[in-house]
Amino acid sequence: MPRLKTVAFTIMMCVFLNAYSQNTYAFFGSFNRDKNTEGIYVYKLDTVSGKLSKVTAVKGILNPSFLTVSPDGKYVFACTESKTKNAGSVSSFKFDPEHQTLTYINSQKSGGENPVYVSVHRNGKWLVNANYTEGSVTVYPVSEKGFIQPGVQNFHFSEGSINPDRQDRSHIHAAVFSPDFHYLFLPDLGADKIRTYVFASEDDKPLHIQEPSFNKTTPGSGPRHFIFHPNGKSAYCIEEMGGAVSVYSYENGKLDALQRINTHSKKYKDDFESSDIHISPDGKFLYASNRGIENNIAIFSIENNGTLKNIGYQSVKGKHSRVFGLDPGGKFLIATNAGTNNVVVFRRNAETGLLKKVGKKIKIKSVSCVKIRKY
């Protein structure tokens with residue numbers, strides 16, 4: 001009898017774990033270069049084993065370079081027509097987890113060439129897009145059914161910085177809401193600034209100038225992506241050209257510099273290409289990706305005051321990891337390697353913060369980004 005109980009318990013646990021593992025999805029974009037080929041891919045993530053299983057994909061869109069998911073999980077928003085001369089758009093899709101379908105809704109012009117980042121407000125009613133080449137940001141209302149309305153605001157920036165090859169003009173690389181969604185932060189790689197705006201979500205035109213309107217970063221650093229600590233007291237910016245993470249204390253729209261720490265294991269003259277940045281859900285570790293020479297993830301522990309301490313590096317098992325993501329439970333990190341056309345899953349040690357590759361690599365041509373969502 002005890003043996004039968006043990007077997008029954010084991011079966012029940014397997015059923016439970018299997019059910020639990022079936023409700024997390026990973027959305028991938030790609031530089032498909034051709035609307036007749038698949039551009040956005042949806043995979044199911046097994047949160048026990050880390051295995052990715054393809055469930056659907058969509059054609060008919062060009063170069064979806066970055067994705068985000070609405071707060072309720074019903075809609076996927078994408079930067080489309082990225083890296084397409086004199087073009088750019090943002091597009092929306094309806095995701096049905098029950099039937100595992102992703103359906104195109106509509107698109108709007110991005111308001112500038114080469115859109116690279118899109119964020120949705122927590123109320124689901126506003127979408128904000130950052131245009132890299134044009135150096136601009138556009139704000140769109142979103143209807144209840146995920147339809148992107150025409151843009152109501154479009155701000156262009158012009159000034160550059162000290163590197164004539166990379167910083168001849170403004171290049172907005174991200175648009176990130178503050179934890180309370182009252183502010184919007186825009187890392188400007190071209191101008192070496194983190195721009196700040198008030199976001200009044202009840203207004204017809206929600207973006208308003210904040211004073212001071214920006215934080216100046218190290219000349220030639222090229223701020224790229226930006227993230228807040230789960231406690232809302234610290235913020236972190238990865239600098240593509242400088243190969244560093246800058247740490248800030250944060251309160252009510254104001255950033256104060258605390259630290260600047262290298263993301264690379266060695267000092268190089270150039271070719272840093274630092275790219276993406278994420279924090280574990282427990283707030284204990286920060287991860288930053290390096291492309292270029294190293295092609296790895298730099299791992300940092302986060303001290304009580306918000307500063308960082310480097311604790312190691314993990315190869316991404318490929319090249320040019322433009323964007324990576326952590327699953328909501330913090331168990332897995334997924335790297336997208338555009339240069340080697342593969343996706344790699346790593347299991348995260350919650351105690352040490354270190355990473356270990358699991359499962360097989362997934363092949364996705366010119367994979368550009370990943371967004372992970374639990375349903």
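**Close-up views of sheet, pockets and rings**

**View 1. An open sheet runs in the order β12-β13-β14-β15.** Four strands form this sheet, with antiparallel pairing. Strands are DSSP E runs of at least two residues, numbered from the N terminus. Two strands pair if DSSP finds at least two bridges between them. β12 and β15 (207–216) are the edge strands, each pairing on one side only. β14 and β15 pair over six bridges, in the antiparallel sense. Phe-214 in β15 is the bridge partner of Arg-195. The model is predicted: local features need pLDDT of at least 70, side-chain atom pairs count only at pLDDT 80 or more, and totals for chains, interfaces and linings use all residues. Residues are numbered from 1 along each chain as its sequence is written, and side-chain values use heavy atoms, with hydrogens and water left out.

**View 2. The largest pocket holds about 1,200 Å³ of space.** A pocket is an open set of points on a 1 Å grid over the protein atoms alone, where a 1.4 Å probe fits, with protein on both sides within 12 Å along at least five of seven lines. Grid points are joined across faces, edges and corners, and the volume is the space filled by probe spheres set on the points. Lining residues have an atom within 4 Å of a point. The lining of the largest pocket has 39 residues. Thr-68, Tyr-117, Ile-227, His-278 and Lys-371 lie nearest the centre. Strands that each supply at least two lining residues include β4 (66–69), β8 (115–120), β16 (223–228) and β20 (274–279). β28 gives the largest share, five residues. By class, the lining has 24 nonpolar, nine polar and six charged residues. Here Ala, Val, Leu, Ile, Met, Phe, Trp, Tyr, Cys and Pro count as nonpolar, Asp, Glu, Lys and Arg as charged, and the others, Gly among them, as polar.

**View 3. The second largest pocket has a volume of about 300 Å³.** It is lined by 18 residues. Closest to its centre are Lys-83, His-173, Arg-224, Glu-240 and Arg-291. Its lining divides into five nonpolar, six polar and seven charged residues.

**View 4. Tyr-25 and Tyr-375 form one of 17 aromatic pairs.** Rings of Phe, Tyr and Trp (its six-membered ring) pair if their centres lie within 6.5 Å; planes under 30 degrees apart are stacked, over 60 edge-to-face, the rest tilted. The two Tyr ring centres are 5.7 Å apart and the planes stand at 80 degrees, so this pair is edge-to-face. Tyr-25 is in strand β1 (residues 24–30) and Tyr-375 in the segment after β28, 350 residues apart. Tyr-25 is buried at 3% relative accessibility, while Tyr-375 is partly exposed at 25%. Buried means under 20% relative accessible area, exposed over 50%, partly exposed in between (1.4 Å probe, protein chains only). Ring pairs link Tyr-25, Phe-27, Phe-95 and Tyr-375 into a cluster. Arg-373 lies over the face of Tyr-375, at 5.0 Å from the ring centre. A charge sits over a ring if NZ of Lys or CZ of Arg is within 6 Å of the ring centre and within 35 degrees of the ring normal.

**View 5. Trp-126 and Phe-199 pair edge-to-face.** Their ring centres lie 6.2 Å apart, with the planes at 80 degrees. Trp-126 belongs to strand β9 (residues 126–131) and Phe-199 to strand β14 (residues 193–199), 73 residues apart. Trp-126 is buried at 7% relative accessible area, and Phe-199 is buried at 3%.
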